[in-house]
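Please read this briefing with the sequence and the model side by side.

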Amino acid sequence: MHVVVTGAAGFIGTNLALRLKETGRFTVTAVTRETAPEEARQAYCEAHAIINLAGVNRPSSEAEFLPGNLGPVESIVDALSQSDARPRILHVSSARAQDDSAYGRSKLAGEELLVGFAAQTGAELSIFRLPNVFGKWARPNYNSAIATFCHNVARGQPIQINDPAAQLTLVYVDDVIDAFIAALESAAPLPRIGEVSPTYTTTVGDVAALIEGFRTDRDDNLIETVGTGLCRALYATYVSYLPKAEFSYPI
């Protein structure tokens with residue numbers, strides 16, 4: 001199956017493109033901000049499936065949300081509308097898509113454009129409204145508290161917590177990719193709203209305490225119960241941020 005991944009240079013896109021290639025069941029065309037518009041249009045029309053990850057969440061001004069999040073969807077819809085191609089579309093939106101904010105409105109606008117296109121053409125569409133996604137290769141000190149915590153703790157640097165009781169709803173990037181692959185390979189029609197599981201509800205303080213514990217475990221010669229669930233996913237993420245010199249240590 002030939003899959004086009006937009007936003008392929010980002011955190012989720014980097015993980016996804018690599019995983020798809022590793023399965024041996026997919027060929028992947030990466031579309032990034034560096035891809036020429038005509039090249040992207042051709043890729044959309046030749047694809048069996050498109051996974052749209054392109055968008056912005058930390059622009060320099062609120063005015064950039066709408067073009068940054070709606071623009072990539074408009075490019076896909078415009079290209080497919082002028083061809084007979086009807087690839088399966090997986091669109092990554094946000095759990096904040098119904099927020100009354102510039103970001104939320106921009107994400108909802110992208111959803112609505114795709115829903116209209118699917119209704120008119122019969123194209124298969126599934127929208128994934130993701131909460132906070134964490135895992136390897138997220139950029140620290142950007143938009144992921146977990147990436148920042150892991151990066152700093154792994155280097156013995158302090159972390160800042162404004163409200164330890166603040167709630168977090170999390171999903172692990174590998175589980176997101178599992179859901180995407182299942183949707184790509186499903187013989188059944190796609191649900192309009194795609195689901196990713198498990199999701200984890202926790203607090204900023206509890207997550208920080210777990211991550212800090214991973215480092216102090218080395219001093220105690222103990223290991224947390226890292227075999228399942230959120231603790232396992234956090235530990236795998238933490239290990240990915242270790243400097244290479246820290247991969248081994250004396251007992």
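**A buried histidine and its surroundings**

His-91 has a relative accessible area of 2%, and because that value is under 20%, His-91 counts as buried. The model is a predicted one, and His-91 belongs in it to strand 4, which spans residues 88-94.

**Contacts of His-91 and Leu-125**

- Setting aside residues up to four places away in sequence, His-91 touches Asn-52, Val-73, Gly-110, Glu-111, Leu-114, Leu-125, Ser-126, Ile-127 and Phe-128.
- One of these contacts, Leu-125, is found in strand 5, which covers residues 125-130, and Leu-125 is likewise described as buried, with a relative accessible area of 2%.
- When neighbours within four places in sequence are left aside, Leu-125 is in contact with Ile-89, His-91, Leu-114, Val-115, Ala-118, Leu-190, Pro-191 and Arg-192.
- Leu-125 and Gly-194 are separated by 69 residues in sequence, while their C-alpha atoms are 9.3 Å apart in space.

- Five strands form an open sheet in the order 2-1-3-4-5, and their pairing is parallel.
- Strand 2 (27-31) and strand 5 stand at the edges with a single partner strand each, so one side of each has no neighbour in the sheet.
- From one strand to the next, the twist of this sheet averages 20 degrees.
- Strand 1 (residues 2-6) pairs with strand 3 (residues 49-52) in the parallel sense over four bridges; among the paired positions, Val-3 has Ala-49 in strand 3 as its bridge partner, and Thr-6 stands opposite Asn-52 in strand 3.
- Strand 3 is also joined to strand 4 by four bridges, and these two strands run parallel; here the bridge partner of Asn-52 is His-91 in strand 4.
- Strands of a sheet pair through backbone hydrogen bonds, in either a parallel or an antiparallel arrangement.
- Which residues of strand 3 point one way, and which the other? Ala-49 and Ile-51 point one way from strand 3, Ile-50 and Asn-52 point the other way, and all are buried.
- In a regular strand, side chains alternate between the two faces of the sheet.

- Helix 3 (residues 65-81) lies across strand 1, strand 3 and strand 4, and runs at about 165 degrees to strand 3.

- Three strands form an open sheet in the order 6-7-8, and the pairing is mixed.
- Strand 6 (132-134) and strand 8 (200-203) are the edge strands, each of them pairing on one side only.
- The twist in this sheet averages 45 degrees from one strand to the next.
- Strand 6 pairs with strand 7 (residues 167-172) in the parallel sense over three bridges, and Val-133 has Val-171 in strand 7 as its bridge partner.
- Helix 6 (residues 173-185) lies across strand 6, strand 7 and strand 8, running at about 55 degrees to strand 7.
- Helix 7 packs on this sheet as well, touching strand 7 and strand 8, and its direction makes about 90 degrees with that of strand 8.

**Helix 7 against helix 8**

- Helix 7 (residues 204-220) and helix 8 (residues 229-240) pack at an angle of about 55 degrees, with their axes 10 Å apart.
- The two helices, helix 7 and helix 8, are therefore oblique to each other, and helix 7 passes helix 8 in a right-handed crossing.
- From helix 7, Val-207, Leu-210, Ile-211, Phe-214 and Arg-215 meet Cys-231, Leu-234, Tyr-235 and Tyr-238 of helix 8.
- By class, this contact between helix 7 and helix 8 has eight nonpolar residues, no polar residues and one charged residue.

- Ser-61 and Ala-102 are 41 residues apart along the chain, and their C-alpha atoms are separated by 10.0 Å.

Definitions and conventions
Residues numbered from 1 in each chain as written. Predicted model: local features only at pLDDT ≥ 70, side-chain atom pairs only at ≥ 80, totals over all residues. Heavy atoms only, no water. Axes fitted to C-alpha atoms, helices over the stretch in contact; angles between N-to-C directions. Parallel < 35°, antiparallel > 145°, perpendicular 65-115°, else oblique. Left-handed = near helix turned anticlockwise from the far one by under 90°. Contact = heavy atoms within 4.5 Å. Nonpolar A, V, L, I, M, F, W, Y, C, P; charged D, E, K, R; others polar. Buried < 20%, exposed > 50% of the residue type's maximum accessible area, 1.4 Å probe, protein only. Pairing = 2+ DSSP bridges.
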